[in-house]
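Here are a few notes to read with the model open beside you. Take them one at a time and find each spot as you go.

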Amino acid sequence: MSAGRLFLEALRLDFDSIDDLRRRIDAALELDVGGFIFFGADADAAGLLAGEILASADRPLWLAADLERGAGQHLRGLTTFPPPGALAHHPAADEAVRIAARSTALEASALGLNLALAPVLDLDVEAVNPIVGTRSFGPEPARVASLGGAWIEACQAEGVAACAKHFPGHGRTTADSHAELPVVDALRETLEADLTPFRAVAGEVACVMSAHVAYPALGAGGPATLESAVLVDLLRGDMGFEGLVLTDALNMSGVREQAEAQSPEVAALSAGCDVLLYPPDLAEAIAAVEKATAASEVVAGRLTESLARGEQA
């Protein structure tokens, strides 16, 4: 298997024509890509493309979308739910969350999608946070853990993998990781609250998404996506997580400008990421990983490990 299988390519139905997307899909499949992420799609168009992809591929693929607020968030015409912060205030919040997750999974699966990039397990603890807000189930670690766990259980019971994000927590940032690298200077004792929801679901959730955020107290002076102290020592070693580690989008400045002496894709793989999302240039990213694996037994070993883990997912 090739390095291409590490990657999920973005399909921007909100920007590109169907014909352009078909050309990109064909090119990505030629590169042995591991799957696709759908953005801004009409549900019928997404279903059509998903069917074509699955019919032309000779292997399992991940077909994903950001579905924090239901399948309608990126698949127009399907159900959109209130954000998690609102669901958490429902008088029967646990059941409301389960209904939302179940509906999300069933509607996505009906189109051929098998990976929901949700739920957000970040804590809503910073008033000026530009990223989290109502995407979170709230500020209380135990509450976020409970409702996030309910969402994951209901989603995965319908055959769609869930992805807890953004590890080890994006809730204390005051900068946008799309534009720059946020740094959280909180003490390790404080960050234990942020880790609580992830720790609670580590044994059940299929995937965990890394944050392009620095946490010096966790041994991460750069973005967590590029730090084995966070992804290997903490997530896998301390928490016992055995599923897939996904990067947040690799076109974001919070990670793109941080890798030193190697591409962000190679740095993310080396740090412990198994699935690499939305590189700016798919062919260039795959070539960088292939070059690195040819030059380094360590990187080659990480590639083998990640591909094997993906085969088992």
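1. Two strands count as paired if DSSP finds at least two bridges between them. Strands here are DSSP runs of E with at least two residues, helices are runs of H or I with at least four, and both are numbered from the N terminus. In β4, W62 is the bridge partner of G35.

2. Before going on, some housekeeping: this is a predicted model, where local features need pLDDT of at least 70 and side-chain atom pairs count only at pLDDT 80 or more, while totals for chains, interfaces and linings use all residues. Residues are numbered from 1 along each chain as its sequence is written, and side-chain values use heavy atoms, leaving out hydrogens and water.

3. Back to β4 (residues 62-65). Strand β2 (residues 35-39) pairs with β4 in the parallel sense, over three bridges. Strand β6 (residues 115-116) also pairs with β4 in the parallel sense, over two bridges; there, L115 is the bridge partner of A64.

4. Are the residues on the two faces of β4 buried or exposed? W62 and A64 on one side, and L63 and A65 on the other, are all buried (under 20% relative accessible area, using a 1.4 Å probe and protein chains only).

5. Now have a look at two helices. The axes of α10 (residues 282-295) and α11 (residues 297-312) come within 5 Å and cross at roughly 120°; axes are lines fitted to C-alpha atoms over the stretch in contact, with angles running from 0 to 180 degrees between N-to-C directions.

6. Which residues meet there? A292, T293 and A295 in α10 meet E297, V299, A300 and L303 in α11, with contact meaning heavy atoms within 4.5 Å. By class, that contact has five nonpolar, one polar and one charged residues.

Conventions
Ala, Val, Leu, Ile, Met, Phe, Trp, Tyr, Cys and Pro count as nonpolar, Asp, Glu, Lys and Arg as charged, and the others, Gly among them, as polar. Buried means under 20% relative accessible area, exposed over 50%, partly exposed in between (1.4 Å probe, protein chains only).
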